[in-house]
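Below is a short note on the strand order and helix packing of this model. Please read it alongside the structure.

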Amino acid sequence: MVYRICLYLVFSFFAHLSWAQNNKEKAEKLVSQMTLEEKIGQMAQLNITTIMTDSLQKHYDSVRTYHLDTAKLIRFVTQFHIGSFLNGRGVSKESWYEYMHELQRVNLTHSRLKVPILYGVDHVHGSNYLKEGTIFPHNINIAATFDTTISREVANVTVYETSGLGHHWNFAPVMDLGRNKFWGRYYETYGEDPVLASQMGTAYIHALQNNPAIAPYKVAGCVKHFIGYSDPKSGWDRTPAEIPDQILREFFIPSFKAAIDAGVKTLMVNSGELNGIPVHASHDILTKLLREELGFKGVVVTDWLDIISLRDMHFVAETEKEATYMAIHAGIDMSMIPVTTDFCRYVKELVQEGRLSEERISQSARRIVELKYDLGLFETVLPDKNRLTWIGKPESKAKALHAAEESIVLIKNEKATLPISPTVKKIIVTGAVAQSRVALCGGWTYRFAPKNDYWFPKEMNTLLEGIKKEFKSSKVIFVAEHELATQAKDADVIVFAAGEKEGYAETDGTIDDLQLDSSQVAWAQTVFALKKPVVTVLIEGRPRLLGNIFDRSEAVLWAGLPGGEGAQAIAEILSGKTNPSGKMSFTYPFKQGHIIPYNHKPSEYTTYREVSKELKRYTIAEFGTGLSYTQFTYNHLIVSDTALKATGKLRATVTVTNTGKRDGKEAVLWYVTDHVGSITRPVKELQHFEKIALKVGESRAVSFTILPEQHLSFPDKNGKVLLEKGQFTLSVGDQKQTFRLME
Ligand code: GLC
């Protein structure tokens with residue numbers, strides 16, 4: 001049997017290789033038949049609004065249906081040979097189906113070579129640009145599950161619901177490192193750790209791109225935004241980032257390298273500047289680093305308007321034509337233009353002037369056409385009406401509920417305030433986000449940056465509705481701040497929902513103060529004055545600073561952006577139906593003046609030069625922490641050796657026991673500390689994690705094998721791998737074991 005499996009795997013491997021080679025050859029052949037203009041057209045991507053009827057185009061953000069302006073499309077296809085379109089809003093599945101069918105049909109009818117159109121959409125947390133789609137928690141939550149199977153599920157449901165509509169290019173996952181807590185896209189990241197981001201993102205990519213359940217359709221992922229986008233110095237989106245090469249290589253590049261090694265088919269470029277150079281103009285980054293060092297062979301797409309931004313935002317080019325030259329020379333393949341066709345003219349002129357070779361254009365055209373062959377678009381490009389029934393199934397929503405449940409973090413629970421007994425008489429729900437759907441889902445939900453519930457389905461629960469449904473035998477009422485004093489006298493417990501009230505995305509999410517807004521802080525003081533048990537639920541895309549709210553609440557749940565099923569997930573944790581198992585995917589800051597990650601450097605807090613006591617507290621919940629309604633103990637950490645050769649491996653095993661009164665799940669996180677390094681070493685670094693379920697009284701041996709080069713090394717500023725002998729400490733739970741790496 002084993003023999004046959006091995007034979008099958010070998011056969012599949014070589015079959016895939018030959019299929020891939022075959023696609024490469026087919027792409028070369030087809031591109032060799034193309035005119036220069038047709039090759040340039042493959043490099044051009046336009047927004048959906050450019051082929052929409054004028055009336056809809058004028059009111060794009062409020063469209064409820066799509067209608068293709070066939071004449072506009074025919075012009076783009078016949079005169080400019082446009083090879084890709086993008087974007088969308090949460091319109092109905094029927095509207096999407098009609099639109100995508102007409103788009104591809106018109107192209108097949110009017111284009112000379114019948115090269116299918118590549119259509120890209122931002123389904124970044126489930127099928128979020130589809131009215132009936134399943135809305136998952138955002139990545140910051142998915143990471144907090146510490147369960148990569150959940151990240152796979154997000155991709156599985158997304159492609160299951162959208163590939164049949166002809167959405168075969170998904171602009172996901174974001175694998176930028178979540179380092180800057182002010183950043184308006186913080187919630188789109190998998191948090192502050194490179195290992196966590198790498199494993200969550202690659203699990204998503206594998207499921208997105210290799211999914212037999214949606215055959216014959218295939219979907220391409222798009223890792224974004226390469227590189228250094230997520231730590232702008234000011235925290236403002238698309239503003240300058242200054243990240244030294246060594247830090248870039250140790251913390252920001254690993255997740256993108258993991259995505260490339262996982263076979264991600266496309267990559268999107270960082271709109272911003274890094275160390276003074278806009279990434280879209282950087283040959284060092286987009287060719288030397290990305291292609292030559294990291295080995296990326298797929299399609300590189302610019303971000304929105306980012307060639308023109310080289311002129312208008314970065315001022316490194318005097319003209320759009322010069323900007324076009326810079327970006328293509330740097331290494332982009334496709335321009336997300338996205339609403340003009342001048343790009344096509346400029347590229348043609350640059351070739352005719354000899355500044356760009358036709359071979360350079362052919363190179364990008366081949367990559368793009370090969371991608372279209374890889375996706376099977378030449379065989380299957382039209383949407384399938386029979387798959388409209390695949391959208392919004394209860395089992396898909398159940399997966400979104402499961403993801404939300406596993407992602408919510410219990411960060412404080414004093415006096416056993418939680419879970420709230422189902423027999424409790426009166427629960428008062430209050431707070432600015434208690435009756436909001438958009439607060440639960442955040443940006444990229446039906447609209448780019450939805451400001452209210454207008455576009456949200458009425459059947460999606462608000463937190464208040466979720467709690468009412470969960471506590472059927474209790475009196476559950478929403479009370480506004482000004483009525484609390486009168487209405488709360490007989491309340492048993494108060495649920496205070498705080499956080500961010502509107503959906504935001506990108507620059508739209510820029511702030512200059514991380515504090516929770518003052519009206520909510522004041523609301524909290526009114527709540528605390530009631531002298532009742534307070535459960536604070538944080539619903540937000542980034543960690544707003546809480547003042548005294550954390551210390552004055554008996555219990556605190558971090559819910560992040562838990563998605564369309566998030567209200568039910570929160571309510572089931574409040575009632576104890578679900579035992580919370582999430583752990584922080586980032587370090588929640590305590591004060592604005594000292595925002596650092598868990599894997600900070602020793603000199604941040606050195607006893608060598610002590611800071612005053614009150615300054616020592618830097619977080620209300622550190623990365624990797626989270627409570628449960630049961631207790632887990634860690635014992636018997638055993639290592640195979642305490643002296644490890646650079647070519648050897650060290651096997652570590654720890655026993656985890658559920659010593660509490662409820663079944664539960666525990667994310668087992670393994671950290672390594674390098675005691676001394678030629679470049680300062682973080683106080684600890686996550687190297688491995690897995691989530692286990694333990695019944696009451698159950699014990700499980702959990703193992704981790706340390707491979708020195710993978711788990712103990714670090715890069716220098718040139719990317720050279722440094723593996724240095726000396727003392728290391730392995731820690732898991734409250735267990736620690738020191739060992740030595742020999743020469
Ligand atoms: C935006 C975002 C990018 C998104 C693209 C297409 O500007 O930066 O993440 O995929 O445009 O919507």
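Two strands are taken to pair if DSSP finds at least two bridges between them. The model discussed here is predicted.

1. An open, parallel sheet is formed by five strands, ordered β4-β3-β2-β1-β10. Its edge strands are β4 (169–170) and β10 (335–336), each pairing on one side only.

2. Within this sheet, β3 and β4 run parallel and are joined by two bridges. Gly-120 stands opposite Trp-169 of β4.

3. Helix α5 covers residues 93–110. Its 18 residues, at 1.5 Å a residue, should span 26 Å, and the end C-alpha atoms are 26 Å apart, so expectation and model agree.

4. Which residues of α5 are buried? They are Lys-93, Ser-95, Trp-96, Tyr-97, Tyr-99, Met-100, Leu-103, Gln-104, Val-106 and Asn-107.

5. A six-stranded open sheet has the order β11-β16-β15-β14-β12-β13, with mixed pairing. Because β11 (409–413) and β13 (475–478) stand at the edges with a single partner strand each, one side of each has no neighbour in the sheet. From one strand to the next, the twist averages 20°.

6. Lys-426 has Lys-475 in β13 as its bridge partner.

7. Helix α19 (residues 518–528) lies across β12, β13, β14 (493–499) and β15 (534–539). The helix runs at about 170° to β14.

How values were computed: Residues numbered from 1 in each chain as written. Predicted model: local features only at pLDDT ≥ 70, side-chain atom pairs only at ≥ 80, totals over all residues. Heavy atoms only, no water. Helix = DSSP H or I, 4+ residues; strand = E, 2+ residues; numbered from the N terminus. Axes fitted to C-alpha atoms, helices over the stretch in contact; angles between N-to-C directions. Contact = heavy atoms within 4.5 Å. Expected span 1.5 Å × (residues − 1). Buried < 20%, exposed > 50% of the residue type's maximum accessible area, 1.4 Å probe, protein only.
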